[in-house]
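Biologist: Hi! Could you walk me through this one?

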Amino acid sequence: MKKILTIISILLIAVSASAKTKKVIVAYFSASGITEGVAKELAKEKNAELYAITPEKIYTSEDLDYRSMQSRSSIEMKDKNSRPALKEKKDLSKYDEIYIGYPIWWNVAPRIINTFIEQANLKGKIVYPFATSGSSGIENSVNELKASYPEVKWQEGKLMKKAR
Ligand SMILES: Cc1cc2nc3c(=O)[nH]c(=O)nc-3n(C[C@H](O)[C@H](O)[C@H](O)COP(=O)(O)O)c2cc1C
């Protein structure tokens, strides 16, 4: 009996310790605030750290003009290998649960998401992608991420409603 009680207490301690140390992060890129609103709500709901993926050079409204093929976003999105610089590095290897959010640009994730993933140490990590968009779905963007980063355990993507 005493042995059983000891085992139960050890198990309870282990469970409560692991629950306490579970680290969750919601990392997002948002050029005009919509994804940011959604990310903030998600972080609150998940009791997670909130992290803004910030470009070294902030996108102006001219940069975001998708009608102009000469705008910064159009030039970046035309080039699969474009990797816009980040303001800072962020390693995600210490987190147990990772959410990555972005606006859909030209039916995929903005290239800065690639820059971010490539420096975040996500090998073997479970990652939940989420996005906002004008009307496109998230599936194509997640398929592209899966193909580019097969070492990440991508979960089903979630297109979120506008939070602003
Ligand atoms: C350069 C650019 C390309 C976009 N491409 C798409 C698209 O292919 N499909 C779509 O539904 N919305 C598209 N949008 C709209 C954004 O996905 C949408 O407004 C998003 O919610 C913006 O999020 P943010 O405020 O966090 O930047 C595009 C917006 C920009 C600026």
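Biologist: Which helix gives the most to the shell around the ligand?
Modeller: Helix α2, residues 34-46, gives the most to that shell, with 3 residues. Keep in mind as we go that this is a predicted model.

Biologist: Noted. How many residues surround the ligand, and which are the closest?
Modeller: There are 20 residues around the ligand. The closest are S30, I34, T35, P103 and G134.

Biologist: And what does the shell look like by class?
Modeller: The shell has 11 polar residues, 8 nonpolar ones and 1 charged residue.

Biologist: Let's stay with α2 for a bit. Which of its residues are buried?
Modeller: In α2 the buried ones are T35, E36, V38, A39, L42 and A43. Seen down the helix axis, these buried residues of α2 fall within an arc of 160°, so they line one face of the helix.

Biologist: Why would residues three or four places apart point the same way?
Modeller: An α-helix has 3.6 residues a turn, so residues with that spacing point the same way.

Biologist: What do the buried residues of α2 pack against?
Modeller: Strands β1, β2 (49-52), β3 and β4. On the other side of α2, K44 and E45 are exposed.

Biologist: How does the span of α2 fit its 13 residues?
Modeller: At 1.5 Å a residue, α2 should span 18 Å, and its end C-alpha atoms are 19 Å apart, which agrees.

Biologist: What comes after α2?
Modeller: N47 follows α2, and the phi of N47 is positive, near 55°.

Biologist: Switching to α4. Which residues are buried there?
Modeller: Helix α4 covers residues 111-119, and I112, I113, N114, F116 and I117 are buried in it. The cover over the buried residues of α4 includes β3 and α5 (139-148). Just after α4, N121 takes a positive phi of about 60°.

Biologist: OK, α5 then. Which of its residues are buried, and which are exposed on the other side?
Modeller: S141, V142 and L145 are buried in α5. Seen down the axis of α5, its buried residues fall within an arc of 95°, so they line one face of the helix. On the other side of α5, E139 and A147 are exposed.

Biologist: And what do the buried residues of α5 pack against?
Modeller: They pack against β4 and β5 (153-154).

Biologist: How many residues are in the largest nonpolar core?
Modeller: That core has 33 residues, and those with the most contacts inside it are V26, Y99 and I113. Elements giving two or more residues to this core are β1 (24-28), α2, β3, α4, β4 (126-132) and α5.

Biologist: What is Y99 in contact with?
Modeller: Leaving aside neighbours within four places in sequence, Y99 is in contact with I25, V26, A27, L42, Y128 and F130.

Biologist: Where is E97 found?
Modeller: E97 is in strand β3. Beyond neighbours within four places in sequence, E97 is in contact with K22, V24 and I126. The C-alpha atoms of E97 and V26 are separated by 8.6 Å, though these residues are 71 apart along the chain.

Biologist: Why do you call E97 partly exposed?
Modeller: E97 has 16 other C-beta atoms within 10 Å. A residue counts as buried at 20 or more and as exposed at 12 or fewer, so anything in between is partly exposed.

Biologist: Now L92. Where does that one sit?
Modeller: L92 is in the loop between α3 (72-78) and β3 (97-103). L92 is partly exposed, because 19 other C-beta atoms lie within 10 Å.

Biologist: What does L92 touch?
Modeller: Not counting residues up to four places away in sequence, L92 touches I25, I98, A120, N121, L122 and K125.

Biologist: Let's zoom out. How many helices and strands are there?
Modeller: The protein has 5 helices and 6 strands. Along the sequence they follow the pattern α-β-α-β-α-β-α-β-α-β-β.

Biologist: And what are the overall dimensions and the buried share?
Modeller: The C-alpha trace spans about 75 × 30 × 30 Å along its principal axes. Of the 164 residues in the protein, 29% are buried.

Terms used:
Residues numbered from 1 in each chain as written. Predicted model: local features only at pLDDT ≥ 70, side-chain atom pairs only at ≥ 80, totals over all residues. Near = placed C-beta within 6 Å. Helix = DSSP H or I, 4+ residues; strand = E, 2+ residues; numbered from the N terminus. Nonpolar A, V, L, I, M, F, W, Y, C, P; charged D, E, K, R; others polar. Contact = placed C-beta atoms within 7 Å. Core = buried A, V, L, I, M, F, W, Y, C linked by C-beta atoms within 7 Å. Expected span 1.5 Å × (residues − 1). Arc of directions from axis to C-beta.
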